[in-house]
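Hi,

Here is the structure I promised to pass on. Have a look at it first, and my notes follow below.

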Amino acid sequence: MEMMSGAAMVVRTLKDLGVKHVFGYPGGAVLDIYDALYAQEDVEHILVRHEQGAAHMADGYARSTGTTGTVLVTSGPGATNTLTGIATAYMDSIPMVVLSGQVPSMHIGEDAFQETDMVGCSRPVVKHSFLVKRAVDIPEAIAKAYYIANTGRPGPVVVDLPKDIVNVLEEHPYQFPEDVTMRSYNPTLKGHSKQIKKAAKVLLEAKRPILYVGGGAIAAEASELVTELAERLNLPVTSTLMGLGAFSGVHAQSLGMLGMHGTLESNKAMHNADCILALGARFDDRVTNNVEKFCPHATIIHVDIDPASISKTIAVHVPVVGSVEQVTKQLLDQIGKIDSEKQKAKLLDWWDQIKQWRGRDCLNYKKADNVIKPQEVIQSVYKHTQGDAYVSSDVGQHQMFAALYYPFAKPRRWINSGGLGTMGFGLPAAMGVQMAHPEATSVVITGDGSIQMNIQELSTCLQYKLPIKIISLNNRALGMVRQWQDMNYKSRYSSSYMDSMPDFVKLAEAYGHIGIRVDHPDELDAAMERCFAEKERLVFMDIQIDQNEHVYPMQIKFGAMDDMRLSKTERT
Amino acid sequence: MKRIISVLMENAPGALSRIVGVFSQRGYNVDSLCVAATDDKSLSRLTITTQADDKVIEQITKQVNKLIDVLKVTDLTDGNHVERELMLIKVATRSELVRAEVNRNVDIFRAQIIDVDLNNYTIQVTGTSDKLDAFANVLSQSTEIIEASRTGICGLARGDKALRP
């Protein structure tokens, strides 16, 4: 058996698992591992500027590829700095492995320098965690971590590595584990046949059906099957924020996003449906609005790989535990060939009704001559990227504008923190995307608030020559906070205004990038063209937008799904 | 409504804290908790009593089942089961009268005196939680309870049903 140090085992196991990139930051407890990284070329390490950035990069990497993102950090502050990133991945079910250094085993519990109980700190926001106690256990712990992270409902896994077990001076036999299955962990992938039959029956009998697709469809790589099912049954399709792209946003059957800032047609169709097929979506509070008034006419079929997601907030009629991919395949088999003309005729009234709602054109907005509207910025990005970019987003108004005005034709193109809503996510996530797809266009839609939460990573972008396009919608305020203050707090702008904004162009230049400021609607198109023509360099677009624009449509608190404001003055 | 959840899990470090974590993170309460390794030393069996309605209990069992270390979860209160709790209770016995009264109650409740000191008895009693409550209540009427320690409920399903890997 090959003999090597614990540190070498960490790196070797990563290599044997096929890990190509590790995002991290060195420190005392992991210096041995960094030394082992130095000695090889199979695993590339990307040095970040803050550990939170490393976690978001690994996250963006994972979201855009479907493979597991990897983070390596030191003990104490290095480890705790990743917690927001881990929680972000946890809420959105993103596969991630975080290797954290730990003080030497004999000092654990002594409040040693840079000691933190990482397994304890991260426990509520990980799928699982390991504290490795012996060097020989390293390969198995890491291999299991990857297996757990990217099977079943994916999620982050922490592997805590005390410094003494990775000591470069002590050698141990290395054996890559052939089998990492566990008796206590067997995710259900295939749906129960009785439930499949029930679901198919409900779907075929429905007169006003709707397909409600979520991130689970993307995690399961089920886009083609979902599309086939939607087309065969002529179903209108609405998508959660996490599911955008699972079903093409430019498909004729797409109604766009649903929920708090969903389209009128999506929320109307949900509320009036007689059958809802939820594929990998979890009836989150940003979708349902008041659960008491949620979709009163619908028989709900809920397909989810996580049994705990079923009937958590909304009691469903036909639960199906399984992966979206497997269950959709089973549903297609169960339904078989059907007379598509007859099916179309059956749904004719329903589609007519949907056309009426669509006719309201809820995403329509008024452009202005002298001030740039955020919506037109997103549309301009869409135009200049031919709708084919990887779009990472931060959190706030700009996130909702991006979700609504940039329809995604493919899965894994829309990278955003949906569940946790982490400001500062966008830039590092886009960096992870760019590392995974060096030839692709990686765009960040952000705002003046969010971008400043991880702006230090501009330095990492220079080091690794990441030609990211940062589209910052600068409204000199925390837009979403301000919008709520306008609506619910009589426009008392408590701490939502920042009157000490940096000069973002100079800031970008200071980091060695290109900065472009855009003030006027007439300049927008040319500036975008210049931005996307720069193939080799990062461009920071500081776009001054209308400070008073609100995101609409918007559900009205405590109402049903379709109780919405359509503009500052109109409501349903 | 009182529920007794029985959990079979890996006897691994951190497993217990994960289970307790599910309860605290999601706002469920724990009335009692009883845990030890089983005859198979690689496994632990844990019994949790909680107060919850059907919807909450469904979430609790699902969330606990979701933990990687957990093999099986069952709600014992769903079916026929046996449940027992053990209490050690120390009472003051400063007069002959009190000693006699305590002795009588020990007989009635089929408890055992397991330690005797100049001024007190330590008594062991097993049974359902109600019986333990009643015993403590009766003792408190004739003497002073110095301290008591209870294990919390542990239970098994009746008949062929079993929690096995």
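Two strands count as paired here if DSSP finds at least two bridges between them. Helices (H or I, at least four residues) and strands (E, at least two) are DSSP runs, numbered from the N terminus.

Some housekeeping: this is a predicted model, where local features need pLDDT of at least 70, side-chain atom pairs count only at pLDDT 80 or more, and totals for chains, interfaces and linings use all residues. Residues are numbered from 1 along each chain as its sequence is written, while chains are lettered from A and ligands numbered from 1 in the order in which they are written.

Now chain B. It has an open, antiparallel sheet of 4 strands, ordered β2-β3-β1-β4. At the edges sit β2 (32-37) and β4 (70-75) of chain B, each pairing on one side only.

Inside that sheet, β1 (residues 2-10) and β3 (residues 43-51) of chain B run antiparallel and are joined by 9 bridges. One pairing to look at: Met9(B) has Ser44(B) in β3(B) as its bridge partner.

Further along comes helix α3 (residues 96-108) of chain B. Its 13 residues should span 18 Å at 1.5 Å a residue, and the end C-alpha atoms are 18 Å apart, so the two agree (the expected span is 1.5 Å times one less than the number of residues). Just after α3(B), Arg110(B) has a positive phi of about 50°.

Finally, chain B splits into domain 1 (2-79) and domain 2 (82-150), with bounds from an automatic or database domain assignment. Their C-alpha centres are 30 Å apart.

Cheers
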